[in-house]
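Let's walk through this model together, from the overall picture down to single residues. Keep the viewer open as you read.

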Amino acid sequence: MPSAPRRWHKPFVFSETRFLHSGAWWLWAILMAAIAAGTTNPIYLFSIIFVVLTVVKYRKSDAPWSKSIKGFIYAGILIVVIRTFLVIITPDIFGDTVLFTLPQIDLPSIFAGIKIGGAIKANTLYFSFKQGLRFATILICIGAAQSLASPYRLLKSVPAALYEIGLAIIVAMTFAPQLAQDAKRVREAQFLRGRKINGIRSFTKAIVPILEGAMERALNLASSMDSRGYGRKVHQTKIKKTTTNIFMLLGLLGIIFGLSGLLGVFSQANIGLLNLLIGLTLAIFSLFLAGKNASRTKYRADRWEIPEVLVVFTPLVGLVTLKFSEASVLNPPTSPLSLPQIDFVSLSCIFLALFAIFFSPNPPKSYKNLSLNSKFSLNLEKTAA
Amino acid sequence: MITFENVTFKYNDADFSILENVNLTIPSGELVLVVGKTGSGKSTFLGLINGLVPNFSGGNFSGDVKVFDRSIRDFQPRDFADLVGVVKQDPRSSFVTDNVEDEIAYSMEQLGIANDTMRRRVEEVLDLLGLNELRNRSLSTLSGGQRQRVAIASVLTTNPKVLVLDEPTSALDPSAAEEVLSILQRLVHDLGLTVVLAEHRLERVVQYADRVIVIDQEAEVYADRPVNVFASSQIAPPVVELGRNVGWHPVPLTVRDARRFAEELRIRLEKSKPRNRNNPATQKVVEIENLSFNYPNIRALRNINLEINDGEIVCLMGRNGSGKSTLLNQIVGLLSPTSGNVNILGKKPKELTGIELIKNVGLVPQEPTDLLLSDSVAKECQASDKDAKVIPGTTLEIFEQLISSVSENTHPRDLSEGEKLSLALSIVLAAKPPLILLDEPTRGLDYSAKKILVHNLQKLGKKKHTIILATHDVELAAEVATRVILLADGEIVTDGLANEVLSSSPMFSPQVSKVMAPAHWLTVSDVVYALEELN
């Protein structure tokens with residue numbers, strides 16, 4: 001369609017069609033998660049979810065792995081619901097707006113601090129809801145990264161030293177949906193044999209064939225990878241390999257600590273930042289070591305260019321401005337109950353992350369030359385069989 | 001050049017060697033077909049070419065295999081990656097990445113080939129196999145034929161000299177199979193590749209083969225020109241059998257060869273007719289009215305109207321993805337219609353469960369192993385007796401009638417494909433359902449196993465069972481079908497008597513009918529019977 005009207009979500013900065021570097025999407029998503037971690041204000045959190053889902057809507061590819069976001073949304077909703085109703089067992093928070101009172105079960109003194117039932121206050125409910133929503137938002141950010149960047153593409157950007165670990169994770173990830181398919185097939189087979197397909201017994205009967213199938217597939221994959229040259233050119237001395245791995249592991253741990261610091265798992269953000277720096281240094285150092293005798297090559301690895309930089313910068317503004325927002329805005333008080341306040345500047349800065357849509361290129365279509373019908377029927381027929 | 005020197009191989013838990021003292025040479029640039037019954041050692045033979053056997057399988061190996069002077073004794077399978085490309089029976093099990101282009105580049109990445117070279121070779125291979133249109137596609141969205149082509153492409157980028165394929169067309173519909181085979185032939189002709197392939201469906205591949213390696217039950221292996229092999233071998237495609245029975249010499253290997261001889265035979269049989277295989281009908285078994293079914297996003301079946309009587313053997317045919325399996329699943333009640341009605345013997349299958357279901361209808365799924373859940377044949381049969389609430393021993397008795405000489409203590413996974421199918425079929429038959437459905441039953445079956453299946457299906461048809469098969473196997477349909485239904489895009493395109501539908505369709509006509517066209521003959525046995533009648 002050469003003269004189609006220009007749609008608002010078309011990239012206006014770089015109009016080529018390619019995948020954005022997977023690392024860029026992951027960084028973008030992690031930064032969004034970091035923003036979410038810094039606030040419990042529902043308005044802010046819903047804004048973040050809105051931004052993330054909008055970007056996913058317009059920048060995810062149409063490959064199967066892109067559909068994973070749905071699962072994350074459902075999981076998020078589940079978390080909010082569960083967290084909110086957990087108040088029934090941990091009800092004590094300052095406040096006085098009692099909604100209703102449940103019969104209270106007193107537990108023996110070893111379970112001090114936990115009581116089941118009792119007075120349910122609106123304050124507590126609100127508090128739990130905010131906590132749950134924050135967690136759900138972070139989860140949805142991670143889901144967005146999964147949908148925006150193919151795990152396989154991410155593997156390409158993974159440093160050589162991590163290749164094996166990355167590959168293992170990815171193989172495991174592709175096995176999960178296959179296991180689900182196998183489970184469905186075995187259950188159908190039990191149905192065909194006239195058995196009940198619910199209950200523990202049918203489950204235990206099904207497990208053996210499913211595992212056997214998985215085992216067979218794993219062996220098949222291993223042999224085929226081997227015959228395609230996997231592991232062929234890794235000529236490293238054992239000591240060098242071990243040191244690189246240790247450095248890499250330390251580096252990763254450092255990064256994880258740092259990130260969790262930033263995400264507010266620890267009370268002091270400074271510890272997180274320091275850890276992150278140390279971790280990054282270690283990781284880069286070991287990458288350098290490992291890269292020196294890299295033996296594999298990468299076919300059309302993702303490039304890191306201006307769009308990538310811009311995309312990563314979009315959530316940074318929000319993250320920084322949020323640090324300067326007032327505490328009452330970021331964590332609205334639960335007692336007395338009141339509507340959450342907003343600070344116009346920081347809230348609009350969150351929406352700046354939407355610019356990722358305009359900076360990032362269009363992802364290539366994978367079903368381009370396919371009629372709708374042949375697209376799915378084959379797979380479905382196979383899975384249904 | 002591939003040489004086998006005094007190769008003897010025995011699996012660890014086997015009582016006898018599967019290959020014994022094999023000596024042969026495969027010259028470069030030939031397309032070599034490996035034939036033999038299931039379990040005769042074809043896969044073992046293929047595995048030896050790049051050392052997957054014994055490196056991955058274990059077992060007792062003596063002798064030596066050399067591929068262009070590289071011995072599997074000195075090198076690992078991965079060291080053969082630039083010399084031997086291996087394509088497995090089901091390419092899905094060997095895909096490592098998730099899209100076409102990456103999959104094609106994978107081997108080169110492992111070999112550490114420079115970036116610009118990789119780029120160039122990927123483009124070359126994409127063009128060679130006609131995959132350019134599909135380059136960005138996710139592997140899980142490909143059709144069977146496309147998958148097979150991607151698998152071939154992905155091993156070609158390392159410029160191997162040998163290509164090894166294990167049953168490349170057994171899961172494909174006839175047109176997809178042709179697509180794959182013509183590409184293989186092109187590789188042999190244009191690139192001088194040596195192609196070694198094992199295939200049960202000889203009718204599809206014999207015409208392309210330069211040489212045939214026969215692996216006998218007695219572990220004897222020999223190689224010869226196809227004409228010599230098929231003059232006497234036990235396993236042969238229908239056109240060869242026809243030639244042998246009618247006494248043509250030399251035995252024709254292709255339909256084209258046979259047609260040159262056939263003129264005289266056609267005249268001789270001008271007044272004869274194929275035997276009537278229809279069983280008289282007494283009762284409607286399946287009634288389908290206006291059935292439509294949608295998966296999310298697509299319409300899998302639209303407006304199907306169908307009536308099937310007892311004693312009919314119906315073959316559902318059509319491309320991969322045309323709705324055959326979906327229709328079977330509707331009839332057995334695994335799926336319920338989006339609109340319209342399905343009735344079997346006046347009941348709605350979706351409402352039947354448990355014993356009610358299996359007394360009415362039984363389905364043998366595409367993977368018969370799905371039905372097998374116990375760890376020995378005997379236990380499997382006992383469980384089946386219990387499920388069907390019949391006298392203990394019934395299933396085993398049926399099984400022994402279908403196929404003799406299988407030990408009761410064998411683990412179902414160790415059975416051959418044909419034996420697995422027979423076991424699954426006997427489980428289904430134990431409850432004596434009037435309606436039996438089979439989904440793609442001949443995948444992985446060799447000729448003799450197929451003969452047993454054909455015989456059993458015909459017997460069931462005579463006993464007034466209704467049988468519905470979904471199959472790509474034209475020759476199977478020619479042998480058993482009384483009626484053929486062609487599906488395309490979820491719609492019934494043709495529905496008619498087997499010999500009319502099969503002999504008039506270019507894609508789905510069996511070899512005999514191609515030879516005998518325009519007369520409507522489908523099978524060798526029909527022709528032979530008619531000739532005997534004349535004498």
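In which helix of chain B is the place of Pro54(B)? Pro54(B) sits in α2, residues 52-55 of chain B. Helices here are DSSP runs of H or I with at least four residues, strands are runs of E with at least two, and both are numbered from the N terminus. A cis peptide bond, with omega at about 5°, links Val53(B) to Pro54(B). There is another cis bond to visit: His249(B) and Pro250(B) are joined with omega at about 0°. Pro250(B) is found in the loop between α9 (238-246) and α10 (255-268) of chain B.

A word on how to read all this. You are looking at a predicted model, in which local features need pLDDT of at least 70 and side-chain atom pairs count only at pLDDT 80 or more, while totals for chains, interfaces and linings use all residues. Residues are numbered from 1 along each chain as its sequence is written, and chains are lettered from A and ligands numbered from 1 in the order in which they are written.

Now step back to chain B as a whole. It contains 20 helices and 19 strands. Its radius of gyration is 24 Å, close to the 24 Å that the globule rule gives for 535 residues, so chain B is as compact as a globular protein of that length. That radius is taken over C-alpha atoms, and the rule is 2.2 Å times the number of residues to the power 0.38. The C-alpha trace spans about 65 × 55 × 50 Å along its principal axes. Of the 535 residues in chain B, 55% are buried. A residue counts as buried if 20 or more other C-beta atoms lie within 10 Å of its own, as exposed if 12 or fewer do, and as partly exposed in between, with C-beta atoms placed from the backbone. Among contacts in chain B with a separation of 6 or more, 68% are between residues 24 or more positions apart; a contact means that two C-beta atoms, placed from the backbone, lie within 7 Å.

Strands of a sheet pair through backbone hydrogen bonds, either parallel or antiparallel. Here four strands form an open sheet in the order β2-β1-β4-β5 (chain B), with antiparallel pairing; two strands pair if DSSP finds at least two bridges between them. The edges belong to β2 (19-26) and β5 (70-71) of chain B, each with a single partner strand, so one side of each is left without a neighbour in the sheet. Strands β1 (residues 2-10) and β4 (residues 60-67) of chain B are joined by seven bridges. Within that pair, Lys10(B) stands opposite Asn60(B).

Which residues of α13(B) are buried? They are Val377(B), Glu380(B), Cys381(B), Ser384(B), Asp385(B) and Ala388(B). These residues cover an arc of only 140° around the axis, which puts them on the same side of α13(B); the arc is that of the directions from the helix axis to the C-beta atoms. An α-helix has 3.6 residues a turn, so residues three or four places apart point the same way. The cover over the buried residues of α13(B) includes α12 (354-360), α14 (394-402) and α15 (417-430) of chain B.

Leu335(B), between α11 (324-332) and β14 (339-344) of chain B, is buried, with 21 other C-beta atoms within 10 Å. Its C-alpha is 8.8 Å from that of Phe293(B), although the two are 42 residues apart in sequence. Asn159(B) has a positive phi near 55° and lies in the loop between α5 (144-156) and β7 (162-166) of chain B. Asp489(B) also has a positive phi near 55°, and its loop runs between β18 (483-488) and β19 (491-497) of chain B.

Finally, turn to the partner chain. Between the chains, 55 residues of chain A are in contact with 65 residues of chain B. On the chain A side, α6 (163-192), α7 (200-227) and α14 (372-384) each supply at least two residues.
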